[in-house]
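Open the model in your viewer and keep the sequence panel beside it. The stops below are meant to be selected in order.

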Amino acid sequence: MSDAFEPILTRNIGIPNSDKIDVYLKRGGYTALRKAMAMSPDEITAIVRESGLRGRGGAGFPAGLKWSFMPKGDQTKYVCINTDEGEPGTFKDRLLVEHDPHAIIEGTIIAAYAVGAHRAFVYIRGEFFLGVKRWIKAIDDAYRQGFLGKNVLGSGFDIDLSVHRGAGAYICGEETALINSLEGKRGEPRIKPPYPAQIGLWGMPTLVHNVETLANVPHIVNRGATWFKSIGTERSTGPKLFCVSGHVRRRGNYELPLGVSLRDIIFKYAGGMRGDLPCKAVIPGGASTPVLTADQLDTRMDFESVAAAGSMLGTGAVIVVEEGTDMVDVARRLLRFFLHESCGKCTPCRVGTRQLADILEGLVAGAGKKGDVELLEDISRNMIGKSFCPLGDAAVNPVLSTLKHFRHEYDHYVEHHRPLAAG
Amino acid sequence: MSSEFVRLADSGARDPAKQAMVLTALYIAQEQYGYLSEEAVKRVAERLKLPVSQVYSTATFYSLFQTQAKARFNIQVCEGLSCCLSGGGDSLLAYLEEKLGIHAGASTPDGLFSLEKVQCLASCGTSPALRVNDELYEDLNSDKVDRLLDQLAGRVQA
């Protein structure tokens with residue numbers, strides 16, 4: 001972890017038994033909940049809004065605004081904790097769930113209280129076997145201590161929380177697909193609007209948040225919006241977990257303020273490149289985000305700056321690629337992922353990912369032909385904005401961005417049927 | 001992890017809608033039957049009073065539900081980009097194909113090992129990774145894979 005930056009989300013990580021409730025309590029856990037229960041729901045929403053906290057699952061939507069979209073009144077409402085982490089390059093939610101589940105539970109109870117929900121669900125990736133166990137244990141202990149259940153801490157507020165295990169589908173990280181999966185259906189996305197805050201789980205208003213987003217909430221309640229805003233940039237506030245993988249010396253999760261430069265993440269924190277080869281490219285926010293090149297390493301990792309550089313902050317999953325790596329092959333591997341994970345509901349995404357993947361497989365296998373590159377571009381452009389959910393848009397990013405920066409590598413495949421690196 | 005499934009079933013019982021139990025029930029059925037046979041899917045549908053077609057449709061949507069019998073040890077190799085960049089993915093798969101003498105998607109004749117490719121396991125920081133049934137193995141190299149296969153084969157003899 002960083003030496004200069006005071007860890008917030010990772011403050012308990014590395015402490016023995018950090019997943020256990022007594023350790024969490026000893027470390028000051030559930031004090032934010034006590035504080036929140038003495039406040040009105042509107043006061044809490046106002047603080048979260050004021051803090052500028054934005055969603056950490058990829059979209060970066062302002063959390064407080066999302067809360068304020070939830071209707072007032074006492075109809076049934078739900079909160080869902082999105083633990084369906086599956087974006088290639090991303091392994092931050094897994095860390096938080098396995099090592100600090102109570103921070104997420106505490107944030108969730110506060111959020112539920114703020115929006116007037118009495119029922120919350122964890123939606124966890126089926127593959128997270130340890131995470132499921134940790135969630136169940138943490139929830140049981142929180143019930144036993146009176147943080148969950150009827151009359152939380154004598155406040156009169158009731159909240160139930162249970163675990164729902166997914167069964168292997170990346171698409172269920174999309175909030176409307178997650179809701180369908182929770183209902184026991186195929187995890188296909190719904191069209192928006194209506195947004196889940198209006199019509200969500202079982203047709204009722206539903207707040208869906210990423211694990212990391214919720215883990216920020218207790219700290220905001222405890223230390224205030226002004227403190228939170230002092231971290232990060234003006235429009236991207238607070239700490240962020242950056243998952244660094246690929247060709248660096250020290251892969252792992254680094255908690256740093258939003259706005260830290262890619263260069264610092266790679267060279268100051270992750271120990272620099274793993275070998276003698278310089279950096280060639282970086283995927284800054286997970287497989288869905290466009291590739292950046294080595295001359296863009298001074299890009300600051302906040303929502304606005306990464307967008308200005310032509311990519312997206314996404315989940316903050318930084319995949320670092322060294323010189324000599326075949327970028328057509330990188331695109332091919334990423335397209336395999338999107339092809340596998342396209343749920344098949346929308347034709348442009350279902351057929352488009354198949355076409356893109358086939359052309360890329362052909363190129364890398366040495367069977368590329370004239371017109372392949374133009375066809376990749378044409379198919380990609382025709383997929384954008386034509387599907388219910390962002391998967392169809394995300395799938396074209398690896399193709400269009402590698403084409404933009406490394407087109408000569410594609411041309412070389414068409415011309416010579418082998419990678420540029422092979423001469 | 002059968003006790004976990006019981007716990008999951010308990011927590012699921014608090015769900016307000018019966019259909020929401022489908023995934024949980026399919027997990028339990030898969031645990032009991034070994035895989036989701038036609039009979040297993042039918043039983044889930046009967047218990048939840050839902051059409052068989054609907055339960056089957058849901059079961060086939062999710063990659064963790066198996067409608068075919070699997071080998072005793074189902075080896076799933078992550079083919080995510082970060083695994084590939086650190087020597088996993090295709091190279092790891094090729095190594096296992098060679099060692100086990102089967103291609104991805106197949107099982108060894110003794111029914112001991114089956115081999116599959118899977119998508120990102122969120123082990124990018126500790127890649128290459130693979131999973132054997134419910135267990136995750138990370139930071140792999142060929143030595144570790146050799147030892148793992150020996151250890152798994154040893155479990156059968158024990």
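Is Asn151(A) buried, partly exposed or exposed? Select Asn151(A): its relative accessibility of 38% makes it partly exposed, where buried means under 20% relative accessible area, exposed over 50% and partly exposed in between, with a 1.4 Å probe and protein chains only. This is a predicted model, in which local features need pLDDT of at least 70 and side-chain atom pairs count only at pLDDT 80 or more, while totals for chains, interfaces and linings use all residues. Residues are numbered from 1 along each chain as its sequence is written, chains are lettered from A and ligands numbered from 1 in the order in which they are written, and side-chain values use heavy atoms, with hydrogens and water left out.

**Backbone stops in chain A**

Stay on Asn151(A) and look at the backbone: phi is about 50°, positive although the residue is not a glycine. Asn151(A) sits in the loop between α7 (129–144) and β3 (160–165) of chain A. Helices (H or I, at least four residues) and strands (E, at least two) are DSSP runs, numbered from the N terminus.

Next, select Tyr30(A), in the loop between α1 (21–26) and α2 (31–37) of chain A. Its phi is also positive, near 65°, and Tyr30(A) is not a glycine. Tyr30(A) is buried, with a relative accessible area of 0%.

Then go to Lys192(A) and Pro193(A), which are joined by a cis peptide bond with omega of about -10°. Pro193(A) belongs to the loop between α8 (175–182) and β4 of chain A. As background, most residues other than glycine have a negative phi, and most peptide bonds are trans.

**Ser51(A)**

Select Ser51(A) in helix α3 (residues 41–51) of chain A. Ser51(A) has 0% relative accessibility and so counts as buried. A polar atom of the Ser51(A) side chain lies 3.1 Å from the backbone nitrogen of Leu53(A). Which residues does Ser51(A) contact, leaving aside its neighbours within four places in sequence? Show Ile220(A), Ala225(A), Phe228(A), Lys229(A) and Thr237(A); contact means heavy atoms within 4.5 Å.

**The largest pocket**

Now display the largest pocket, with a volume of about 1,300 Å³. On a 1 Å grid over the protein atoms alone, a pocket is an open set of points where a 1.4 Å probe fits, with protein on both sides within 12 Å along at least five of seven lines; lining residues have an atom within 4 Å of a point. Grid points are joined across faces, edges and corners, and the volume is the space filled by probe spheres set on the points.

The lining has 49 residues, and those nearest the pocket centre are Gly57(A), Gly58(A), Ala59(A), Gly173(A) and Pro390(A). Colour α4 (63–69), α5 (92–99), β4 (206–210), α11 (303–308) and α15 (391–394) of chain A, each of which supplies at least two lining residues. β4(A) gives the most, with four residues.

**Cysteines**

How many disulfides are there over all chains? The count is zero, a disulfide being a pair of cysteine sulfur atoms within 2.5 Å. Select Cys343(A): the closest cysteine sulfur, in Cys346(A), is 6.3 Å from its own, too far for a bond. Cys349(A) is in no disulfide either, with the nearest cysteine sulfur, that of Cys389(A), 6.5 Å away. Cys343(A) is buried at 19% relative accessibility, and Cys349(A) is buried at 7%.

**Chain B**

Switch to chain B, which has seven helices and four strands. From the N terminus on, the order is α-α-α-α-β-α-α-β-β-β-α. Of its 158 residues, 51% count as buried.

Select Ser114(B) in strand β2 (residues 113–118) of chain B. Ser114(B) is buried, at 3% relative accessibility. Its side chain makes a polar contact of 2.8 Å with the side chain of Asn74(B); a polar contact is a pair of N or O atoms within 3.5 Å, and within protein one must be able to donate a hydrogen and the other to accept it, with residues adjacent in sequence counting only if both atoms are side-chain atoms. Beyond four places in sequence, the contacts of Ser114(B) include Lys70(B), Phe73(B), Ile102(B) and Ala106(B).

For the last stop, select Ser127(B) and Pro128(B), joined by a cis peptide bond with omega of about 0°. Pro128(B) is in the loop between β2 and β3 (130–132) of chain B.
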